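Biologist: Hi! Could you walk me through this model?

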Amino acid sequence: MAHTPSNLGIVVLEQAGGPLLKVAGEMDRETAPRLADALQQPWASRTVPTAVRVDLAAVTFCDSSGLNVLLDADRQARDRGTVLLLMNPPDQVRRLFAVTGTDEVLTVRPGPD
């Protein structure tokens with residue numbers, strides 16, 4: 001079976017309520033560095049947002065690498081006094097959160113905020 005390269009699209013939208021990152025595709029070992037870089041952008045400005053929202057509706061796959069990036073971003077957000085809000089996780093991602101117990105750590109909203 002041939003290996004298909006992972007594909008991940010990330011769009012960062014500046015909105016009145018703080019940044020919104022729309023993530024689409026696979027969050028895995030290959031794409032984790034790009035996801036981590038994108039999750040650093042909201043804190044690069046002088047104005048620290050009160051919340052960083054991440055829309056996961058279009059995520060097709062997430063493994064432990066993607067999960068670790070989200071956990072690290074959540075820890076960094078808390079260290080800065082802000083919230084990382086994960087929105088619209090698809091069933092596969094919600095199951096991953098539940099099985100690993102990270103749904104008790106991460107701030108997850110099933111639908112749009």
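Predicted model: local features only at pLDDT ≥ 70, side-chain atom pairs only at ≥ 80, totals over all residues.

Biologist: How many bridges join E1 to E2?

Modeller: Six, with strand E1 (residues 8-13) and strand E2 (residues 20-27) running antiparallel. Strands pair if DSSP finds at least two bridges between them; helices (H or I, at least four residues) and strands (E, at least two) are DSSP runs, numbered from the N terminus.

Biologist: Which residue of E2 is the bridge partner of Val11?

Modeller: Lys22. Six residues lie between the two strands of this hairpin, and Gly18 takes a positive phi near 115 degrees.

Biologist: On to H3: which residues are buried there?

Modeller: Val93, Leu96 and Phe97, in a helix spanning residues 91-100. They sit on the same side of H3, because they cover an arc of only 95 degrees around the axis, taken from the directions from the helix axis to the C-beta atoms. Buried means under 20% relative accessible area, exposed over 50%, and partly exposed in between (1.4 Å probe, protein chains only).

Biologist: And which exposed residues are on the face turned away?

Modeller: Arg95 and Val99.

Biologist: What do the buried residues of H3 pack against?

Modeller: Strand E3 (51-62), helix H2 (64-79), strand E4 (83-87) and strand E5 (107-109), with contact meaning heavy atoms within 4.5 Å.

Methods:
Residues numbered from 1 in each chain as written. Heavy atoms only, no water.
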